[in-house]
Amino acid sequence: MNAQRGDLMNLELENKVALIVGASGCIGSSIAKTFAAEGCRLVLSSKNLDKLNQLRSELMAIQPEGSFVTYAADIQNFAKAKKLYEECVRQYQHVDILVNCISGPEIGDQQNAGLSDEAWQQSFQGKLSSYIRMINLVLPEMKLNRCGKIINVVGLSAKEPNSRLLISGVINAGIINFTKAMAGEYGQYNININAVNPGFIESKRFNQFVNANEEKINSIKHAIPLRRIGTPNDIANMIAFLASDRSGYITGSTIAVDGGISVSAF
Ligand SMILES: NC(=O)c1ccc[n+]([C@@H]2O[C@H](COP(=O)([O-])OP(=O)(O)OC[C@H]3O[C@@H](n4cnc5c(N)ncnc54)[C@H](OP(=O)(O)O)[C@@H]3O)[C@@H](O)[C@H]2O)c1
């Protein structure tokens with residue numbers, strides 16, 4: 001269930017300025033709703049303006065007096081990403097919270113032998129470069145202000161390789177590495193940088209993965225210790241916590257929100 005007006009977690013996020021990239025996606029829109037319910041001022045971005053307008057009208061229904069700006073930008077393009085950041089500053093003077101939540105490579109048969117050099121290069125230009133780009137755009141000012149929260153949405157394949165998600169795994173592992181490195185470099189400026197690792201989440205992406213195969217869905221549910229597929233809201237709740245000062249002593253961490261399905265102990 002998505003966050004509704006009045007569903008406050010009391011995370012003291014009121015009036016914080018949050019930039020969410022990938023805001024119109026399955027997980028991104030749930031994050032947007034949760035942050036709106038917490039009283040954040042939001043800049044909601046993704047590529048497609050129609051989808052953003054749809055999200056905007058859903059938010060208006062639950063937070064009519066809320067403060068949201070939508071801005072369509074393909075952050076794979078540096079100039080457009082920079083304009084997006086400048087729009088945040090123009091609207092709200094600064095950014096307190098950055099959530100990176102854009103889609104990664106398509107799911108499919110990703111045996112290494114079948115992947116061209118071009119496929120690898122194109123993929124590196126997507127989620128990996130885009131997350132790093134957005135982080136580098138917000139960091140200088142967060143450093144000056146001596147405060148900031150950055151949360152990167154990754155995926156379990158980073159730690160546990162899967163032949164259908166080989167490229168995603170490599171890219172997400174790179175993002176986790178960058179997250180840890182930046183936490184080490186910017187902690188002294190009171191900037192927390194973490195990653196969230198969703199497991200199987202009810203979404204378009206999950207539907208692509210299981211391809212309406214009931215047997216497969218049941219076997220996934222059975223493999224999850226909590227015996228259910230996660231919801232986008234499960235992820236949004238963790239991200240809201242990481243965006244708040246309640247998680248002030250957590251940085252450089254990658255937190256699984258996966259119903260217990262990941263098998264590695266660390
Ligand atoms: N869903 C799952 O089960 C699951 C599990 C593990 C990890 N994850 C990770 O969680 C993240 C979000 O997943 P999701 O299922 O919510 O994805 P989604 O529904 O496909 O949404 C992706 C969002 O990213 C935006 N986007 C894509 N490329 C962009 C670009 N170059 N510039 C700006 N925005 C861009 C899309 O906007 P447009 O539609 O306008 O292009 C959309 O808003 C992904 O990184 C995924 O790997 C998801």
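Trainee: Which residues in α4 are buried?

Mentor: Keep in mind that this is a predicted model. In α4 the buried ones are Ser-123, Lys-127, Leu-128, Ser-130, Tyr-131, Met-134, Ile-135, Leu-137, Val-138 and Met-142.

Trainee: And what covers the buried residues of α4?

Mentor: The cover includes both strands and helices. The strands are β1 (17–21), β4 (97–100), β5 (148–153) and β6 (191–198). The helices are α3 (78–92) and α5 (166–186).

Trainee: Back up a bit. How many residues does α4 have, and what is its reach from first C-alpha to last?

Mentor: Helix α4 has 29 residues, 117–145. The reach is 42 Å, close to the 42 Å expected at 1.5 Å a residue.

Trainee: Where is the kink in α4 centred?

Mentor: On Ser-129. The kink there is about 40°.

Trainee: What follows α4?

Mentor: Arg-146. Its phi is positive, near 55°.

Trainee: Now the packing. At roughly what angle do the axes of α3 and α4 cross?

Mentor: Roughly 40°, and the axes come within 10 Å. The two helices are therefore oblique to each other.

Trainee: Is the crossing of α3 and α4 left-handed or right-handed?

Mentor: Right-handed.

Trainee: Which residues meet there, α3 against α4?

Mentor: From α3, Phe-78, Ala-81, Lys-82 and Tyr-85. From α4, Arg-133, Met-134, Leu-137 and Val-138. Of those α4 residues, Met-134, Leu-137 and Val-138 are also among the buried ones.

Trainee: Other partner, then. How do the axes of α4 and α5 cross?

Mentor: At roughly 20°, coming within 10 Å. That makes α4 roughly parallel to α5. This crossing is right-handed.

Trainee: What does α4 bring to α5, and what does it meet?

Mentor: On the α4 side, Trp-120, Ser-123, Lys-127, Leu-128, Tyr-131, Ile-132, Ile-135, Leu-139 and Lys-143. On the α5 side, Ile-167, Ile-171, Gly-174, Ile-175, Phe-178, Met-182 and Tyr-186.

Trainee: Change of topic: Lys-80. Where does that residue lie?

Mentor: In helix α3.

Trainee: Why does Lys-80 count as partly exposed?

Mentor: Because Lys-80 has 15 C-beta neighbours inside 10 Å. Buried takes 20 or more, exposed 12 or fewer.

Trainee: Leaving aside neighbours within four places in sequence, what is Lys-80 in contact with?

Mentor: Ala-73, Asp-74 and Ile-75.

How values were computed
Residues are numbered from 1 along each chain as its sequence is written. This is a predicted model: local features need pLDDT of at least 70, side-chain atom pairs count only at pLDDT 80 or more; totals for chains, interfaces and linings use all residues. Helices (H or I, at least four residues) and strands (E, at least two) are DSSP runs, numbered from the N terminus. The expected span of a helix is 1.5 Å times one less than its number of residues. The bend at a residue is the angle between axes fitted to the seven residues ending there and the seven starting there. Two residues are in contact if their C-beta atoms, placed from the backbone, lie within 7 Å. Axes are lines fitted to C-alpha atoms, for helices over the stretch in contact, and angles run from 0 to 180 degrees between N-to-C directions. Angles under 35 degrees count as roughly parallel, over 145 as roughly antiparallel, 65 to 115 as roughly perpendicular and the rest as oblique. A crossing is left-handed if the near helix is turned anticlockwise from the far one by less than a right angle, and right-handed if clockwise.
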